[in-house]
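Dear colleague,

Please find the structure below, handed over for your own work. My notes on what was found in it follow directly after.

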Amino acid sequence: MTMITPPSPEFPSSTLKSTTTGYLKTRIEFSVLVSQFGRRGRRRCLHPTLLRTRAPSSRVFAASSISNLVDDFDPEIPVERASTPPSSWYTDHQFHRYELDRVFYGGGWQAVGYSDQIKDNRHFFTGRLGEVEFVVCRDDDGKINAFHNVCSHHASILASGCGKKSCFVCPYHGWTYSLNGSLVKATRMTGTENFSLNEMGLKPLRVAVWGPFVLLKVAQDESKKGEDVESDGSVVASEWLGSSVGRLSEGGVDDSTLSFVCRREYTIDCNWKVFCDNYLDGGYHVPYAHKGLMSGLDLDTYSTTLFERVSIQECGGGGSKAGEEEDGFDRLGSRALYAFVYPNFMINRYGPWMDTNLVIPLGPRKCKVVFDYFLDPSLKDDEAFIKRSLEESERVQMEDVVLCESVQRGLESPAYDKGRYALVEKAMHHFHCLLHQNLKL
């Protein structure tokens, strides 16, 4: 999947540039120049003079200012008494950069694609997580590999898109890598001293497959150094999904027999967390924003269950309330399951369908959401059913786009700092608590 480069901050600074060795080595320096932010001051961008650097290979943040922003949310307060995180979590450039390091680069497994993309030998796909360019492929021996998608010569992006290749050839100077990451050809390097092909291969990333999902881990696990593919599915399931794995399996989200139908992408003018918050409000907005969807759901049956890094929302579908439409069309079935896997992945299982939503940060005020649709194989040739189902889904997504962009504009307003939770929004509160756990210094 192709991901867009996040826009540059308003205050460009060399201290914000990271390298592939610096993701987990964020250095924090407390500066006496940083004053306490007031209520309004915390909501604005941090000036670059508040940043200090010790080494060009590290991303450094002024700890006192970041700490102020993080501590503006207290995860110990229960949802019925809690306030939401401040709007600065959704608007501040430096907070966004810090968030990438702590949440996306330093966290656990993250879904990045689906197994059909690398179904056969030599298949590959590419993508981006923050500033991490990656490529996932299946080599000639059938092994799944993942690498930083950056040429070792002069840092050109190596591959793009998806498809089938016998090797990766850099479009800049022709350096050639096998699908196991080794450098097999370096053009015009004769006479270069202390140069070895064996030392210039692609940098690996840990990769795993659970059900139909391909997962990556950016953080290096020293205990498993040299083991780039996680073969123990139970370990991956435990690390990624925790104790929710049984319920998700019962709900059919690990069904590898589902047929891939299509992919749709939406670029939205909002912080990535705004989209997640909207997903996690316990169906609160459905009666007001999704009247068409509501007709097929029984919101009186709505429930939310929290796990370690997962929340599952479930609701009775048309079969339990309104039944099928007059013409017999029913895409939702008798029950819908909506699973949120921290930090940015959603799995929606309803009737014969499953769709997944991957939310990709593109900056503090922009994100991309990638929808992949899967269907029970018995209906893969029913073009009329597929067309109508996708049209209904598209209508819901566009309604959500309007909501999320409206919220982002409101977050930018000086009139808003924090809000409150309705009790049905406990999955959203859980999400914010997990964020705080990653972000705290």
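Glu 314 has a relative accessible area of 10% and is therefore buried (buried means under 20% relative accessible area, exposed over 50%, partly exposed in between, with a 1.4 Å probe and protein chains only). Its salt-bridge partner is Arg 335, with 3.7 Å from N to O; a salt bridge is a side-chain nitrogen of Lys or Arg within 4 Å of a carboxyl oxygen of Asp or Glu. The pair links distant parts of the chain, with Glu 314 in strand β15 (residues 310–317) and Arg 335 in strand β16 (residues 335–341), 21 residues apart. Salt bridges that share partners join Arg 247, Glu 250, Glu 314 and Arg 335 into one network. Arg 335 is partly exposed, at 37% relative accessible area. Helices (H or I, at least four residues) and strands (E, at least two) are DSSP runs, numbered from the N terminus.

The model is predicted: local features need pLDDT of at least 70, side-chain atom pairs count only at pLDDT 80 or more, and totals for chains, interfaces and linings use all residues. Residues are numbered from 1 along each chain as its sequence is written, and side-chain values use heavy atoms, with hydrogens and water left out.

In total, the structure holds 15 salt bridges. One of them joins the side chains of Glu 394 and Arg 264 at 3.5 Å, N to O. Glu 394 lies in helix α9 (residues 383–411) and Arg 264 in strand β13 (residues 259–268), so this pair ties together parts that are 130 residues apart in sequence. Glu 394 is partly exposed at 26% relative accessibility, and Arg 264 is partly exposed at 27%.

Asp 269 and Lys 366 form another salt bridge, in which the closest N and O atoms are 2.5 Å apart. Because Asp 269 lies in the loop between β13 and α6 and Lys 366 in strand β19 (residues 366–375), the pair ties together parts 97 residues apart in sequence. Asp 269 is partly exposed at 39%, as is Lys 366 at 29%.

Helix α6 (residues 272–279) has eight of its eight residues buried, so the helix is largely enclosed by the rest of the structure. Among the buried residues are Trp 272, Phe 275, Asp 277 and Tyr 279. At the start of α6, a side-chain oxygen of Asn 271 comes within 2.9 Å of the backbone nitrogen of Lys 273.

Cys 276, at 0% relative accessibility, is buried. Its sulfur is 8.0 Å from the closest cysteine sulfur, in Cys 367, which is too far for a bond. The sulfur of Cys 151 is 3.8 Å from that of Cys 170, its closest cysteine sulfur, and this is also too far for a bond. Cys 151 is buried as well, with a relative accessible area of 3%. A search of the whole structure finds zero disulfides, a disulfide being a pair of cysteine sulfur atoms within 2.5 Å.

Finally, Ser 152 lies in the loop between β6 (144–148) and β7 (162–164). A polar atom of the Ser 152 side chain lies 3.0 Å from the backbone oxygen of Met 200. Not counting residues up to four places away in sequence, Ser 152 touches Trp 175, Tyr 177, Met 200, Gly 201, Leu 202 and Lys 203, where contact means heavy atoms within 4.5 Å.

With kind regards

Technical notes: A polar contact is a pair of N or O atoms within 3.5 Å; within protein, one must be able to donate a hydrogen and the other to accept it, and residues adjacent in sequence count only if both atoms are side-chain atoms.
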